[in-house]
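Have a look at it before reading on.

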Amino acid sequence: MPGDIFDNRGRGHAGWSWPSIHPEGRKFGAIAGAIALAAAIFGGSIVAWPFVFLTLGVLAFFRDPVRVTPRDDRFVVAPADGLITLIQKVAPPRELSADDGSGLTAMDPTPVTRVSIFMSVFDVHVNRSPIGGTIRRVVYIPGKFLNADLDKASEENERQHFLVERSDGVKIGFTQIAGLVARRIVPFVKSGDIVAVGQRVGLIRFGSRVDVYLPVGTEPKVLIGQRVVAGETILAEIGDAPLIEGISQ
C-alpha cells in the first residue's frame with residue numbers, strides 16, 4: 001500500500017535469519033564434519049565432541065550474512081568487520097600509487113588517512129568494496145605472517161591491494177593483510193571489474209586485517225576502539241549527494 005515502509009527484502013517487517021556459509025568454507029566444513037563422523041564411529045562420543053565443535057567453528061568463520069549498504073556517493077563504508085586499531089596519516093602503498101607501466105590509474109602519492117580494521121577469528125571474513133566503481137588494480141604481495149595488529153604488518157605481511165575508482169575520479173585503495181593464523185587471501189574480483197559499494201570482493205582465511213586509504217582531505221568518522229560492520233558502517237563522507245535508500249548485497 002502507498003505509504004508502507006518495506007525492508008531490504010520487500011517485506012513490511014524485519015526478521016532474523018541464519019547467515020549462509022560462503023562457498024569457500026563449505027569444503028573446510030565438510031572435511032571437519034567428516035573427521036567428526038569418523039571420530040564418533042571409531043572413538044565414541046567423547047572423542048567426537050571436540051571435532052563437532054571444530055566443525056561448527058569452521059562454519060561460523062565462513063558465515064556470509066546479508067548486509068544492508070547505505071547508497072550515497074558521500075559514504076565510504078567499512079570493507080571488513082572488526083575493530084578499528086589504527087588511524088594514521090601515511091603515504092599510500094607503492095603498489096597503489098606508483099606507475100606500474102600498465103597505464104592504469106594510480107593513487108596520488110600524497111599522504112592520506114589510513115584506517116586499519118583488525119578481524120579476529122570470531123569476525124566475518126568476507127570483505128566488501130568501500131565504494132562503487134571500477135577495480136583499477138589488484139596486486140598480490142607474498143610476505144610474512146606477523147601479528148596483523150602490528151603497524152609493520154602493512155609492509156611486511158602477505159597482502160593484497162585493491163584500487164577502486166568511481167566514475168567521478170575519486171579513488172580509494174584498500175589492502176587485505178594476512179595475520180598470524182591467516183594463510184590465504186582469496187580475491188573475488190579482478191582488474192577491470194565494476195563493483196557496487198558493499199559488494200563482496202574477497203576473503204581472508206582465519207584472522208587478519210584490512211587497511212583503507214581514504215582520499216586526500218577526507219577525515220574518518222570512526223574512532224580507535226570502535227567496532228565496524230562490513231558494508232554497513234560509514235567510515236567517512238566525501239562531498240555531498242542525495243541519499244538513496246540502502247539495499248542488501
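The points below go from the ground rules to the annotated site and then to the salt bridges.

1. This is a predicted model, where local features need pLDDT of at least 70, side-chain atom pairs count only at pLDDT 80 or more, and totals for chains, interfaces and linings use all residues. Residues are numbered from 1 along each chain as its sequence is written, and side-chain values use heavy atoms, with hydrogens and water left out.

2. UniProt, in an unreviewed entry, puts an "active site" at S208; such annotations may be inferred rather than shown by experiment. S208 sits in strand β14 (residues 208-213), strands being DSSP runs of E, at least two residues, numbered from the N terminus. With 0% relative accessibility, S208 counts as buried (under 20% relative accessible area; exposed is over 50%, partly exposed in between; 1.4 Å probe, protein chains only).

3. The whole structure has 10 salt bridges (a side-chain nitrogen of Lys or Arg within 4 Å of a carboxyl oxygen of Asp or Glu). One of them joins R128 and D64 at 3.8 Å, N to O. R128 is in strand β7 and D64 in strand β2, 64 residues apart. R128 is buried at 2%, and D64 is buried at 8%. D64, R128 and R200 are linked in a network of salt bridges.

4. R67 and D81 also pair up, at 2.8 Å from N to O. Both R67 and D81 are buried.

5. How far apart are the closest N and O atoms of R136 and E165? They are 2.7 Å apart, in a salt bridge. R136 lies in strand β8 and E165 in strand β9, so the pair ties together parts 29 residues apart in sequence. R136 is partly exposed at 27%, whereas E165 is buried at 11%.

Key
Helix = DSSP H or I, 4+ residues; strand = E, 2+ residues; numbered from the N terminus.
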